[in-house]
Amino acid sequence: MSDGPATLAAITARPSRILSVIREVLSRPSGFIGLFLIIAHVVLALFSPFFAPFDFKAMNANAILLPPDATHWLGTDQLGRDILTRTIMGGRQAILVTAIATPLAVAWGGLLGIYLGLVGGRLDDILMRVVDAFLALPWILKMLLMIVTFGTGVGVLIPTLAFFYGIPVIRIARAATQNIVARDFVLAARARGHSRGSIMRRELFGNVLDALMVEGAMRWSWMLLAFTSLSFLGFGVSPPTPDWGLMIADSRNFMAIAPWPAFAPVIALSSLIIGINLTADALAKALGIDRAQAAVH
Amino acid sequence: MTGDILIDVQNLSIGFTGRSGKLLPVLRNIDLGVRRGETVGIVGESGSGKSTLALAMMGYLKHGLRVISGRSLFDGRDLLTMPSCELQRIRGGKIALIPQNSGQSLSPNLRVGAQLTEALALHGKLALSAFPARVIQLLQQVRLPDPEVIASRYPHELSGGQQQRVAIAMALAGEPEALLLDEPTTGLDVTTQAHILELLSDIAVRSDKAMVYVSHDLGAIARVCSRVVVMYAGEIVLDGDATTVLTNPGHPYARGLLASIPRLGNPSLPIALEGRPPPPGDAGPGCSFVDRCAIAESPCRAERPGLQPLLAGGRVRCRLTERAESIPTKRDGKPASAGGSFGEPLVRLSNLAISYARQSLVDQLLGRKPQGVPTVDRVDIEIRQGEVIGLVGESGSGKSTILKAVAGLVGPASGEIAYDKSGALPATVEQRRPEQLREIQLIFQNPDESLNPRHTIEQILAQPLQLYFGLSGDALRERSIAILERVRLGAHYLDRLPSQLSGGEKQRVAIARAFAAKPRLVLCDEVTSALDVSVQAAVLDLLDQLRRDSSTTYVFVAHDLAVVRALSDRVAVLYQGRLCEIGPTSAVYSRPCHPYTEALISAVLEPDPGARPVLMAEDIMELSPPAKGCPFQRRCHRKVGPICESTTPPQRDAGAGHVIHCHIPIGELTSAQTVSALGNAVRPHVQ
């Protein structure tokens with residue numbers, strides 16, 4: 001197609017713009033702290049075997065439910081395993097699965113939303129009612145249904161999370177598109193006789209991308225919570241692989257006598273989610289998007 | 001009747017911190033005193049700092065602005081350093097603001113009477129029992145008919161003009177000593193605007209309030225103000241009595257501005273003022289106007305001229321004010337109209353009707369047809385090759401809708417659009433042939449909306465070139481540069497984004513994009529109404545040049561009658577989607593026959609202190625759907641009788657293609673006119 005290079009340029013935007021947005025995000029305290037937290041977590045997850053002081057599987061019958069001390073900085077759990085080690089490694093699965101599922105969710109939800117926002121009419125009417133119906137169901141019900149049908153494991157969790165978390169993205173992308181479609185430059189493109197695909201690629205995509213980026217960051221934190229909740233319920237990661245949700249579930253029974261095994265994974269999870277939310281906030285401000293208008297699903 | 005100085009701005013400079021960290025001034029060394037009983041107009045183009053100055057007069061700075069130096073005194077006290085609790089008492093109570101878009105400044109969920117009562121209670125000058133009577137009195141004072149009825153309405157139930165009147169009543173509620181008016185009539189229809197200005201000038205004459213009227217519209221200023229201050233790049237460049245400033249100003253910028261205004265009585269194109277004002281902080285050491293000045297000398301660049309008092313009164317910021325008179329304020333430029341005969345008919349709209357009524361899902365299921373009177377109805381217009389046809393009318397007259405139908409963006413409900421020799425043009429863009437799409441191009445009102453903010457100028461121009469001509473690579477770039485040069489922009493614009501361009505430059509890019517398709521028919525939808533006057537003149541000149549070069553046909557839609565006069569060969573006057581009058585521009589403007597055309601043309605404001613608009617039609621809100629019979633009958637000042645309400649007016653031919661849709665016999669229409677619209681200095685004032 002003759003419009004290849006121009007389209008590509010339109011989609012990737014100008015590098016100077018990306019750089020300036022990153023600079024803008026970093027210039028805000030929320031963006032700086034948020035990005036720091038995210039990067040710290042990702043680095044820990046990637047290189048955790050180097051950082052972990054002990055073997056995550058190694059049990060020690062003589063060191064059960066030890067409080068924090070010089071050898072076990074965060075203490076040990078009910079099987080005598082080092083909690084620091086398990087916390088450092090406990091985010092690997094969660095971050096891996098959600099980091100793949102989030103872009104997938106934003107991609108399919110965003111594309112469908114942009115398309116519906118552009119064409120409107122009967123198809124839009126019907127599909128949006130389907131979306132409403134999906135959003136009306138509690139997420140845990142939908143997730144458990146899929147897992148019961150297809151089993152657990154990364155190969156099921158990634159498409160399942162990507163599917164369900166793409167549905168609210170449809171709404172956001174559609175709403176953002178409808179704002180753009182009403183503007184004269186889209187009308188001008190239609191009057192010139194451009195095809196729908198061309199209008200989506202050239203006129204809409206670049207303008208909706210900002211909203212999608214912020215929405216993606218939000219979806220990521222929600223997805224992390226969902227993944228951890230599934231593990232907590234025993235439908236996510238299977239033992240002995242360390243996982244935050246699983247660790248919280250295991251230590252629940254000993255909360256009265258030994259609260260520290262639950263604290264470490266809780267703090268790890270919340271710091272990551274706080275980091276993502278702070279970054280999303282800063283990103284939204286840098287891009288000039290009103291987060292108050294974003295859906296809360 | 002003028003008294004002591006009430007508002008006194010002394011050496012005021014206001015600025016903001018730019019991205020570079022430098023303090024960039026938007027107002028520079030403003031010295032301005034306004035006396036009680038005086039009405040001062042502040043004119044300037046967008047970015048000249050006029051609104052900032054008006055807001056500073058009530059002690060308000062927009063977010064991010066800081067005072068660099070100076071004071072803004074009201075009754076001897078500096079508002080800019082006053083604690084906010086004291087400011088609150090002065091604002092509304094002593095100084096009131098009437099903003100531009102009053103529909104937005106009224107609370108949508110309170111009845112008009114309740115809002116006025118609230119304002120009265122806030123200022124606490126009256127006993128509680130006196131409120132209802134005072135509300136009615138205020139509404140009468142702003143000449144609203146049936147004040148009791150209006151008081152019980154919500155703002156959305158009022159027309160734009162009525163809302164503006166309510167806003168004025170709100171401002172008067174606190175019995176302020178000073179009134180600040182920030183573009184109070186911008187965005188209103190011509191006939192409504194004339195009514196509001198009449199009211200304001202009445203307030204100005206009768207009361208001893210100090211009034212400051214901020215506007216870009218010299219016509220409105222001329223109507224209300226006795227003294228005019230001209231601002232340029234954050235400075236006062238000229239200050240004098242209205243007659244001098246509007247007829248023989250002593251500053252080159254003011255003279256250029258006057259020359260760039262299209263006028264009803266002059267069929268030639270206005271003279272453009274090339275260039276643009278320096279951005280804040282970029283004015284250099286010399287005169288800020290030096291780059292656009294026709295008589296500038298080298299000392300003008302070296303030293304900033306001071307605001308010198310003139311012998312004849314007033315002040316001017318120009319070293320060469322004695323020589324400024326060599327700059328013409330009136331144009332004797334070329335007439336735009338090519339006149340005479342044109343080619344074959346290119347587009348013929350026959351009995352065109354357009355309806356926006358959309359079938360709801362329930363209607364579809366029940367098989368009901370959409371109801372309602374069409375927005376545009378019974379429109380017959382023939383457009384010949386190479387001519388410029390102007391469509392004029394107030395908001396809601398259907399002029400843009402007709403353009404969209406020709407462009408294929410709204411389908412006609414009935415009737416047809418015939419194009420060239422190929423017969424009827426398919427209704428929508430999707431059904432049209434690529435050749436037809438290429439030959440008909442549309443230019444929009446606001447370039448901020450019509451250019452994709454994420455695309456560079458190169459990408460914007462590439463769109464039609466790739467789509468219609470399949471160009472790519474060097475050929476594409478070469479053609480883009482050639483087109484940019486045709487609209488008097490250079491190749492260095494290719495890599496820029498629309499946000500890096502001025503309003504006029506953006507509109508040139510939008511024009512370039514339309515002409516890139518090598519169109520035969522260009523549809524211009526209010527293309528100059530978002531631009532400043534001096535820029536507007538340049539864009540009009542460009543459009544005229546382009547059509548001379550390529551013998552393109554234009555359909556030119558505008559609400560500004562003077563702009564249409566400057567460019568069009570023929571003009572069609574529309575009211576509520578129905579044709580009132582169509583004919584050669586010179587005939588329609590010199591001898592308006594239809595009562596609506598007459599009302600419209602006589603309400604136009606001229607930047608001339610002697611000119612006074614004639615208020616013929618009532619500024620009542622038109623009801624939807626349009627009236628049966630003659631659409632204008634509800635407001636018509638020459639209504640014949642019941643026939644106007646029942647029967648569609650016949651077409652009356654006044655010769656030379658001049659057709660009037662009216663029940664009044666043609667002989668009476670052409671002879672017995674209430675006013676002759678033009679060339680008549682002293683107009684009777686009809687209330």
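**Figure 1. Packing of helices α17 and α19 of chain B in the predicted model.** Helix α17 (residues 457–469) of chain B packs against helix α19 (residues 503–515) of chain B at an angle of about 25°, and their axes are 8 Å apart. Because angles under 35 degrees count as roughly parallel, α17(B) is described as roughly parallel to α19(B). The two helices, α17(B) and α19(B), cross with right-handed geometry. On the α17(B) side, the residues that meet α19(B) are B:Ile457, B:Ile460, B:Leu461 and B:Pro464. Their counterparts in α19(B) are B:Val509, B:Ala512 and B:Arg513. Sorted by class, this contact of α17(B) with α19(B) comprises six nonpolar residues, no polar residues and one charged residue.

**Figure 2. The open eight-stranded sheet of chain B.** The strands of this sheet follow the order β17-β18-β19-β15-β20-β21-β23-β22 (chain B), and their pairing is mixed. The edges are formed by β17 (440–443) and β22 (651–653) of chain B; each has a single partner strand, so one side of each is left without a neighbour in the sheet. From one strand to the next, the twist averages 20°.

**Figure 3. Strand β6 of chain B and its pairing with β7(B).** The side chains of strand β6 (residues 95–98) of chain B are divided between two directions: B:Ile95 and B:Leu97 point one way, whereas B:Ala96 and B:Ile98 point the other way. All of these residues are buried. Strand β6(B) runs parallel to strand β7 (residues 178–182) of chain B, to which four bridges join it. The bridge partner of B:Leu97 in β7(B) is B:Leu180.

**Figure 4. The contact between chain A and chain B.** In this view, 18 residues of chain A are in contact with 24 residues of chain B. On the side of chain A that touches chain B, the elements giving two or more residues are α1 (4–12), α9 (184–192) and α10 (196–233) of chain A. The largest share of that side, seven residues, is contributed by α9(A). By class, the residues of the side of chain A that touches chain B are seven nonpolar, five polar and six charged.

How values were computed:
Residues numbered from 1 in each chain as written. Chains lettered and ligands numbered in written order. Predicted model: local features only at pLDDT ≥ 70, side-chain atom pairs only at ≥ 80, totals over all residues. Contact = placed C-beta atoms within 7 Å. Nonpolar A, V, L, I, M, F, W, Y, C, P; charged D, E, K, R; others polar. Buried ≥ 20, exposed ≤ 12 C-beta atoms within 10 Å, placed from the backbone. Pairing = 2+ DSSP bridges. Axes fitted to C-alpha atoms, helices over the stretch in contact; angles between N-to-C directions. Parallel < 35°, antiparallel > 145°, perpendicular 65-115°, else oblique. Left-handed = near helix turned anticlockwise from the far one by under 90°.
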